[in-house]
Amino acid sequence: MAEKVTVRLKVNGRDYEGTCEPRKLLSDFIRQDLGLTGTHVGCEHGVCGACTILLDGRTVRSCLLFAVQADGAEIMTVEGLAAPDGTLHPIQQAFWDKHGLQCGFCTPGFLMTVYEFVNQVQARNHQPSEEEIREALSGNLCRCTGYVNIVKAVQQACGIPVESPAH
Amino acid sequence: VPDLLLHQPHSLDEACATLARYDGEARAIAGGTALVLMLRQGLLAPPALVRLDTIPGLDAIAEVDGMLRLGALATLSAVAASPLVRARVPVLAAACALVGNVRVRNAATLGGNLCEADYASDPPGVLVALDARVSIHGPRGVRELPVAALVRDFYETALAPDELVTEVRVPLPAPTGVYLKYVTRSAEDRPCVGVTALVRRAAEGQLAEARVAVGAVAGRPLRLPAAEALARGAAPDEALFRAIGEAYAAAVEPVSDARGSAAYRRQMVAVFVRRALRAAAAGHQGAWRV
């Protein structure tokens with residue numbers, strides 16, 4: 001077995017250090033070594049987007065990176081969204097309000113993808129079209145919802161008025 | 001992922017020497033979007049990986065002496081967003097923005113894209129049309145190759161096992177034009193046919209030069225100098241675009257895959273070469289998924 005390597009990184013503002021084999025994937029390191037199980041592992045081959053995290057501010061698929069590649073990096077996972085008192089992040093609140101999830105398995109990946117997207121459109125002071133939103137979400141798969149309410153949630157998170165779904 | 005050693009070199013010489021020690025068995029890893037997939041699917045089982053992202057300075061993007069120089073470790077997102085690339089070679093920035101999805105582009109690198117030599121990809125054909133070259137570092141020194149000569153066939157490059165691509169160089173000013181990414185299914189990220197058409201206009205409204213590269217249909221992007229020469233001094237009209245399109249359709253040796261049969265691809269090559277030339281001649285600049 002290959003010699004273990006030390007990985008030091010900041011996750012959601014907190015410093016972590018762990019040792020692992022070089023072949024350990026970042027998604028497994030986050031879940032197993034750091035105990036942050038909010039990041040989900042779906043397809044395990046870079047298709048479904050459930051394992052999406054922010055690495056130094058940019059979304060990446062943690063199932064296609066080795067943990068050691070994140071050494072020295074700053075990571076944000078879904079656990080970093082809500083306030084310490086449990087108040088939902090506006091993006092999480094939007095998914096709640098618009099029923100942008102059903103089983104919830106894909107949701108952590110969607111939330112991180114949308115987090116980067118909302119930051120980018122807000123930085124440009126831009127109101128994205130539905131097409132741009134759908135393009136931004138491409139690469140995150142949801143097998144429950146049909147995406148309609150997810151798109152509405154993103155619109156709400158972007159400050160675009162949207163009708164509420166029927167109850 | 002099978003057990004493996006991970007080397008973390010801090011210089012190109014160290015990286016090449018490490019690769020040389022494994023005599024072709026080890027693999028270099030940049031963004032990992034292709035390589036980690038192959039490891040996970042058991043298509044590759046190298047005893048060791050050599051990280052390239054631990055070597056400083058390989059991701060710079062700059063204009064130097066009439067050349068756009070793109071570090072091999074620049075991510076596709078960085079190329080797509082670079083104000084310099086967008087200003088000087090907009091077709092390249094726009095084409096990189098069409099690859100995969102945002103999470104792929106944030107990790108995948110331009111050098112990795114070329115060295116993987118995946119035929120169903122967008123940047124190689126665009127770079128071939130731009131007459132781009134790569135700078136290659138190895139134990140025997142530094143050499144340069146046209147991208148057209150780097151990519152040899154399906155997943156095959158002209159690199160020796162201990163050589164690394166360090167930079168992609170695009171001569172400036174580049175001719176202007178478009179990249180059309182023809183995708184046969186809405187859920188598909190990869191092109192069935194990818195056509196780059198670039199032109200320079202002569203003063204009298206005729207074409208001084210046209211370049212066409214057809215990607216994603218065969219082991220390597222195709223350019224036909226004889227067909228491109230038809231445009232020299234010619235009026236940019238439909239008859240010309242059609243003739244060049246038909247020349248490419250006749251010359252391609254298309255692959256059949258889930259995105260289209262060989263026969264279908266041949267027809268689509270004629271269509272999209274014609275449309276790309278029409279758009280380039282009309283002054284359009286950019287890349288579109290069609």
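What covers the buried residues of helix 1 of chain A? The cover includes strand 1, strand 2, strand 3 and strand 5 of chain A, contact being taken as heavy atoms within 4.5 Å. Before selecting them, note that this is a predicted model, in which local features need pLDDT of at least 70 and side-chain atom pairs count only at pLDDT 80 or more, whereas totals for chains, interfaces and linings use all residues. Residues are numbered from 1 along each chain as its sequence is written, chains are lettered from A and ligands numbered from 1 in the order in which they are written, and side-chain values use heavy atoms, with hydrogens and water left out.

**Chain A: helix 1 and its sheet**

Select helix 1 (residues 26-33) of chain A; helices (H or I, at least four residues) and strands (E, at least two) are DSSP runs, numbered from the N terminus. Its buried residues are A:Leu26, A:Ser27, A:Phe29 and A:Ile30, where buried means under 20% relative accessible area, exposed over 50%, and partly exposed in between, with a 1.4 Å probe and protein chains only. After the helix comes A:Gly35, with a positive phi near 70 degrees.

Now show the open sheet of five strands in chain A, which has the order 2-1-5-3-4 and mixed pairing; two strands pair if DSSP finds at least two bridges between them. At its edges are strand 2 (14-20) and strand 4 of chain A, each pairing on one side only. Neighbouring strands are turned against each other by 40 degrees on average, direction ignored; axes are lines fitted to C-alpha atoms, for helices over the stretch in contact, and angles run from 0 to 180 degrees between N-to-C directions.

Within this sheet, zoom in on strand 1 (residues 5-11) and strand 5 (residues 74-76) of chain A, which pair in the parallel sense over two bridges; the bridge partner of A:Lys10 in strand 5 is A:Glu74. Helix 3 (residues 107-123) of chain A also packs on the sheet, touching strand 3, strand 4 and strand 5 of chain A, and its direction makes about 45 degrees with that of strand 3.

**Chain B: a four-stranded sheet**

Move to chain B and select the open sheet of four strands with the order 13-12-11-14, again with mixed pairing. Strand 13 (207-215) and strand 14 (286-289) of chain B are the edge strands, and the twist averages 15 degrees from one strand to the next. Helix 12 (residues 262-281) of chain B packs on the sheet, where it touches strand 11, strand 12 and strand 13, at about 30 degrees to the direction of strand 12. Strand 11 and strand 12 (residues 193-201) of chain B pair in the antiparallel sense over seven bridges, and B:Lys181 has B:Gly194 of strand 12 as its bridge partner.

**Chain B: backbone details**

Most residues other than glycine have a negative phi, and most peptide bonds are trans. Select B:Leu172 and B:Pro173, which are joined by a cis peptide bond with omega of about -10 degrees; B:Pro173 is in the loop between strand 10 (164-171) and strand 11 (176-182) of chain B. Next comes B:Asp131, a residue other than glycine with a positive phi of about 55 degrees, found in the loop between helix 8 (123-129) and strand 6 (133-138) of chain B; B:Asp131 is partly exposed, with a relative accessible area of 36%.

**The second largest pocket**

Finally, select A:Leu55, B:Asp53, B:Thr75, B:Asn106 and B:Ala107, which of the 25 lining residues lie nearest the centre of the second largest pocket. On a 1 Å grid over the protein atoms alone, a cavity is a set of points where a 1.4 Å probe fits but cannot get out, a pocket is an open set with protein on both sides within 12 Å along at least five of seven lines, and lining residues have an atom within 4 Å of a point. The volume of this pocket is about 620 Å³, counted as the space filled by probe spheres set on the points, with grid points joined across faces, edges and corners.
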